[in-house]
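Please walk me through the fold and packing of this chain. Keep it brief.

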Amino acid sequence: SWTLDNFGPVWIPEAGKSIELTPYNMALYGRCITVYEHHSVKEEMGEDGSVTYYIDGQQAKEYTFLMDYYFMMGDNRHESLDSRFWGFVPEDHIVGRASYVWFSRDPETGDIRWDRMFKSIE
């Protein structure tokens, strides 16, 4: 089960990559399609429970992203409103760049990687 501490697994949209249009995918990626890529999306529910999607008035079974997106997490994850709440951020909305590694944990062991912490990013 997904939680705020264990969010995922989730695929991050990339320019030129496609997804199948399903209710699950629309819950995760619909904001990217409508807000950032400026398409209108309409869904019709069939009597059998199936969903048909229309993008800009054309029936569609899949969608190909135009931009690269990023998952942003706040520095205080239990008190931050971040991508877990408002979705992915398109590349053209990112301002600035990271300057150093604040904290690093080995994804395999969970050990703190002291040799990476507080190092400049070049």
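This is a predicted model: local features need pLDDT of at least 70, side-chain atom pairs count only at pLDDT 80 or more; totals for chains, interfaces and linings use all residues.

Residues are numbered from 1 along each chain as its sequence is written, and side-chain values use heavy atoms, with hydrogens and water left out.

**The sheet**

Helices (H or I, at least four residues) and strands (E, at least two) are DSSP runs, numbered from the N terminus. Two strands pair if DSSP finds at least two bridges between them. Three strands make an open sheet here, in the order S2-S3-S4, with antiparallel pairing. Strand S2 (41–45) and strand S4 (58–60) are the edge strands, and each pairs on one side only. From one strand to the next, the twist averages 35°. For that angle, axes are lines fitted to C-alpha atoms, for helices over the stretch in contact, and angles run from 0 to 180 degrees between N-to-C directions.

| Strands | Bridges | Residues between | Positive phi in the turn |
|---|---|---|---|
| S2 and S3 | five | five | Gly49, about 95° |
| S3 and S4 | three | two | Asp56, about 50° |

Strand S3 covers residues 51–55. Tyr54 in S3 is the bridge partner of Lys42. Tyr54 also stands opposite Gln59 in S4.

Glu43 belongs to strand S2. Is Glu43 buried or exposed? Buried means under 20% relative accessible area, exposed over 50%, and partly exposed in between (1.4 Å probe, protein chains only). Glu43 has 52% relative accessibility, so Glu43 counts as exposed. Contact means heavy atoms within 4.5 Å. Leaving aside neighbours within four places in sequence, Glu43 is in contact with Val51, Thr52 and Tyr53. Glu43 and Tyr53 are ten residues apart in sequence, yet their C-alpha atoms are 4.5 Å apart in space.

**Helix H1**

Helix H1 takes in residues 23–36, 14 residues in total. The expected span of a helix is 1.5 Å times one less than its number of residues.

The buried residues of H1 are Asn25, Met26, Tyr29, Gly30, Cys32, Ile33 and Tyr36. An α-helix has 3.6 residues a turn, so residues three or four places apart point the same way. The cover over the buried residues of H1 includes strand S1 (18–20), S2, S3, strand S5 (62–64), strand S6 (69–70) and strand S7 (89–90). His38 follows H1 and has a positive phi, near 60°.

**Aromatic rings**

Rings of Phe, Tyr and Trp (its six-membered ring) pair if their centres lie within 6.5 Å; planes under 30 degrees apart count as stacked, over 60 as edge-to-face and the rest as tilted. The count comes to ten aromatic pairs. Trp102 and Phe118 form an edge-to-face pair, at 5.4 Å centre to centre and 80° between the planes. Both residues lie in the segment after S7, so the pair ties together parts that are 16 residues apart in sequence. Trp102 and Phe118 are both exposed. One aromatic cluster consists of Trp11, Tyr29, Tyr36, Tyr63, Phe65, Tyr69, Phe71 and Phe88.

**A loop residue**

Ser80 sits in the loop between S6 and helix H2 (83–86). Ser80 counts as buried because its relative accessibility is 12%. Not counting residues up to four places away in sequence, Ser80 touches Gly74, Asp75 and Phe85.
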